[in-house]
Structure formats: structure tokens, C-alpha cells
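Subject: Structure handover

Hello,

Here is the structure for you to look through. Please open it first, then read my notes below.

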Amino acid sequence: MKKNTGSIVLEGNIEKLRTELNDKVQYQFCVRPDPNSKEIELMDMNPLIGSKIRIEFKGLIHCTFCGRETKKSFSGGYCFPCSQSLAQCDLCVLRPHTCHYDNGTCREPEWGEKNCMIPHYVYLSNTTGVKVGITKHTQIPTRWIDQGAIEAIPILKVGTRYQSGVFEKLFSQEVDDKTNWRSLITGKITQIDLESTRDRLFEILGDEIDELEEKFGGDYVEILEDESLTRINYPVINYCSKAKSLNLEKMEVIEDELLGIKGQYFIFETGAINIRKYIGYKVKIEGL
Ligand SMILES: [Zn+2]
């Protein structure tokens, strides 16, 4: 159940920022007031950009999956037992070319069928330079927004997460597969022609792409030669003056003018906080 309180105070356990792509990305801060319930409360963040906000860490972390209290957050928001048993916390999620569903060793085959054994896209994006990535078809353009990409273009459609991972690994010989968060929060933007980058990669890696297409079967691999480019604008009036990652756990309270939001980062003059890193942390957030 979703509830938009419309208020400017919210208290609960952090979930990933919700986003919507309009002329500028619309952001909502999202918490679970009760960690044992799936019910969430949302706060519109765009109207608060340019004014002071306050985020206070309440000293408690709850697992985003099972709700139990945990001293530390594992795998980005889980308790230790969940991080060891859930398929979504397995290493193959970060390194899809190591997907082991076909070996019969998926931690939760049913989860795998719903999330990995479905069509995926390989894309090029420009966040802080050109990067290759993969995503489920249902996560476009959310995945791009979460990374802070300013432009993105799908280049291949494949049958499974594993196949997308193998292609990603191939393309990563030529382009990065990581984002530079320092450049992201200080607003260092490089203009890149993604369409001609795609054409160049198809040319350089043509033989290898053909081989993989044959291996996976032509029905599963679709080469996207002229997909259109998505441009993404973020609500940012200014960037950090230096590349500093703010640590909510150490600082306990962050109180400053919110200069903007990009990816999952709240940007302030003195640094930025990666909200996604604090999934499960209990906080009180207010617009001042
Ligand atoms: Zn748990």
C-alpha cells in the first residue's frame, strides 16, 4: 500500500528513492513506518530542493526483507541470515554472467524464474562517461535514473539475465561498466555520442556478438541497431564543491540546503549522501 502523506516530516526505515521520469525526474523519499509491514509513506522531494532539510538517523537498522533488527546492514539493507539465503543477495546478482540457475543451484529458483529467466536489455549510458549495463525490461528507465545517467540507449535484447551478463562482459572490454560517484556528485559531465559509440562497438565486436547470438539462439538475441535515445534531466541547482560521501551513521544528523538529487544521491554543498546505501536505516526526515 502506498500513501503520500503530503507532509514535510516522515519517520521510518528508508527504502530506495521512488522516481518518475518527466521533463525533470520527480523524486519521492520513501520509508516504512513499521519495519514489519510493507506499508510505505512517501514525501515529494522536488519542492524541497533549494531549501534546508534535516535527516536524523535514529540509531536502528531493520532488514528490508524480514523486518528484524540488525546491528549492521548486509548486501544493501538486509540482516545477515537474509543476506545468506535470498537469491537477490547472491553474488550473481552483481555479476550476472555468473548466474547458476541452469546448474540447479539458484538459492530461490522461483525468484530466479521471475527475475532472471526473463528478457533483459544490454544498454549504453552516459553517467560520468560511457558505460555498459544490463537491466530487466521492466526496469527501464528506472535503472538509468537510479544511476544518474543523463542519456541511455538499449543496444541488445536477450532472453535471460545470464545472457545479458555475458554480453555485458564482452562490451566491458571496450567501455566501463562502473560509474564514478565522485564525478557524479560534483557534476563533471562528458558529452558522448552514444549512437555512434554503439555503432563502433557493433563493428569492433561484430564477430564475438555473432558467436554469442549463435550460441544463445537467434530467437533470444535481438540486436537493436536504431533504438532511440532517452535523455534524463535531474532536479539539480548546484553540485557538491568537493567529492565527499556523507556518512549518515557517523554524522547522525545531516542538516543543510538540498542542492539537488541525482541518481540515488542527495546533493549538498559539502558532500552527497547515497540514500540507497541506507536502506533499512530508521530516520526522521523533515523539510525546514
Ligand atoms: Zn532479514
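Start with Cys63. This residue is buried, at a relative accessible area of 1%. Cys79 is buried too, with 1% relative accessibility. Both count as buried because the cut-off is under 20% relative accessible area. Keep in mind that this is a predicted model.

What do these cysteines do here? Both are donors of the zinc ion, along with Cys66 and Cys82. Each gives its SG atom, 2.3 Å from the zinc ion. The site is tetrahedral, with angles of 103 to 114° among the four donor atoms. For reference, the ideal angle for four tetrahedral donors is 109.5 degrees. Along the sequence, the donors follow the spacing C-x2-C-x12-C-x2-C. Cys63 and Cys79 are 16 residues apart, both in the loop between S5 and helix H1 (80–85).

Now the nonpolar cores. The largest has 44 residues. Phe29, Met45, Phe266 and Ile273 have the most contacts inside it. Several elements give two or more residues to this core, among them strand S2 (9–21), strand S3 (25–32), helix H4 (142–147) and strand S15 (281–287). Domain 1 (2–83 + 235–287) and domain 2 (118–231) each supply at least three residues.

Which residues does Phe29 touch? Leaving out residues up to four places away in sequence, its contacts include Leu10, Leu42, Met45, Phe266 and Ile285.

There is also a second, separate core of 22 residues. Val132, Phe171, Leu201 and Ile209 are among its members.

Best wishes

Key: Residues are numbered from 1 along each chain as its sequence is written. This is a predicted model: local features need pLDDT of at least 70, side-chain atom pairs count only at pLDDT 80 or more; totals for chains, interfaces and linings use all residues. Side-chain values use heavy atoms; hydrogens and water are left out. A nonpolar core is a set of buried Ala, Val, Leu, Ile, Met, Phe, Trp, Tyr and Cys residues joined through side-chain atoms within 4.5 Å. Buried means under 20% relative accessible area, exposed over 50%, partly exposed in between (1.4 Å probe, protein chains only). Helices (H or I, at least four residues) and strands (E, at least two) are DSSP runs, numbered from the N terminus. Domain bounds come from an automatic or database domain assignment. Contact means heavy atoms within 4.5 Å. Donors are N, O and S atoms within 2.8 Å of the metal (3.2 Å for Na, K and Ca); water is not among the atoms, so sites may look incomplete. Four donors count as tetrahedral if all angles lie between 85 and 135 degrees; four count as square planar and six as octahedral if opposite donors are over 155 degrees apart and all others between 65 and 115; anything else is irregular.
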